[in-house]
Amino acid sequence: MGAYFWHKKVESPIDISNSDGLIHGINLIKEFEGCHLNAYPDPLTGKLPITIGWGSTRDFNGSPFKMGRKITQKYADTLLLHELNIMVVKHLCKIPYWNEMSDEMRGALLSFGYNLGAGFYGAPGFNTITKNLREKNWKSIPETLKLYCNPGTKVEAGLLRRRKAEGELWKNF
């Protein structure tokens, strides 16, 4: 399986277009990120990283976006799929029991990882979710997700809504 980006076939670890649960995860990403065709500063810091499209901070070639950049809707959609296939899912596939998870569970983690960084598993600050995933304590994941919403910040309410939506998707297993 693979996708074509800039006339070059790039292998993907999973075909996200063939999975209802992962599509639900993509829909969560789109719902909570929104699509912005003009570059804007990070909502939390008001500075870097500069973001565009469906929450993208880097272009196809890996370079960061700069203020003043404009893209088309098609570019934004293609960039999102590129990031999910090439950057996000390759990290998520390394989570223990990934292949045993339902598509809905993987969709919830797809949204979570896209938002907080695909390499969250095992990373500092992600001890609780790492432990629960490693120990296959799946019933606790919806509540665990709510721990990651930047308490006390101006983005807390929006992140809590997102974590609840991811938890609801997870529970559909």
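Start by selecting Pro49, which sits in the loop between β3 and β4 (51-53). Show the backbone there: the peptide bond that joins Leu48 and Pro49 is cis, with omega about 0°. Strands here are DSSP E runs of at least two residues and helices are H or I runs of at least four, both numbered from the N terminus.

A word on ground rules: this is a predicted model, where local features need pLDDT of at least 70 and side-chain atom pairs count only at pLDDT 80 or more, while totals for chains, interfaces and linings use all residues. Residues are numbered from 1 along each chain as its sequence is written, and side-chain values use heavy atoms, with hydrogens and water left out.

Now zoom out and colour by secondary structure. The chain has 173 residues, and 44% of them count as buried (under 20% relative accessible area; exposed is over 50%, partly exposed in between, with a 1.4 Å probe and protein chains only).

Next, go inside. Select Met101, Leu109, Leu110, Phe120, Ile129, Leu133 and Trp170: among the 40 residues of the largest nonpolar core, these touch the most other members. Such a core is a set of buried Ala, Val, Leu, Ile, Met, Phe, Trp, Tyr and Cys residues joined through side-chain atoms within 4.5 Å. Two or more residues of this core come from each of α1, α2, α3, α4 (127-134), α5 (141-145) and α6, and α2 gives the largest share, eight residues.

Stay with Leu110 for a moment. Which residues is Leu110 in contact with, leaving aside its neighbours within four places in sequence? They are Leu22, Gly25, Ile26, Ile29, Leu84, Val88, Val89 and Leu92, contact meaning heavy atoms within 4.5 Å.

Move along to α4. Its buried residues are Ile129, Thr130, Asn132 and Leu133, and their cover includes α3, α5 and α6. Just after α4, click on Lys136, where phi is positive at about 55° although the residue is not a glycine. Lys136 belongs to the loop between α4 and α5 and is partly exposed, at 37% relative accessibility.

There is another positive phi to visit. Tyr97, in the loop between α2 and α3, has phi near 70°. Tyr97 counts as partly exposed too, at 34% relative accessibility.

Last stop: the largest pocket, with about 830 Å³ of space. Select Glu33, Gly55, Tyr114, Asn115 and Leu116, the closest to its centre of the 30 lining residues. On a 1 Å grid over the protein atoms alone, a pocket is an open set of points where a 1.4 Å probe fits, with protein on both sides within 12 Å along at least five of seven lines; lining residues have an atom within 4 Å of a point. Its volume is the space filled by probe spheres set on the points, which are joined across faces, edges and corners.

Now colour the lining by element. At least two residues each come from α1 (20-33), β3 (36-40), α2 (73-92), α3 (103-116) and α6 (156-171), and α2 gives the most, with five. By type, the lining has 12 nonpolar, 11 polar and seven charged residues; here Ala, Val, Leu, Ile, Met, Phe, Trp, Tyr, Cys and Pro count as nonpolar, Asp, Glu, Lys and Arg as charged, and the others, Gly among them, as polar.
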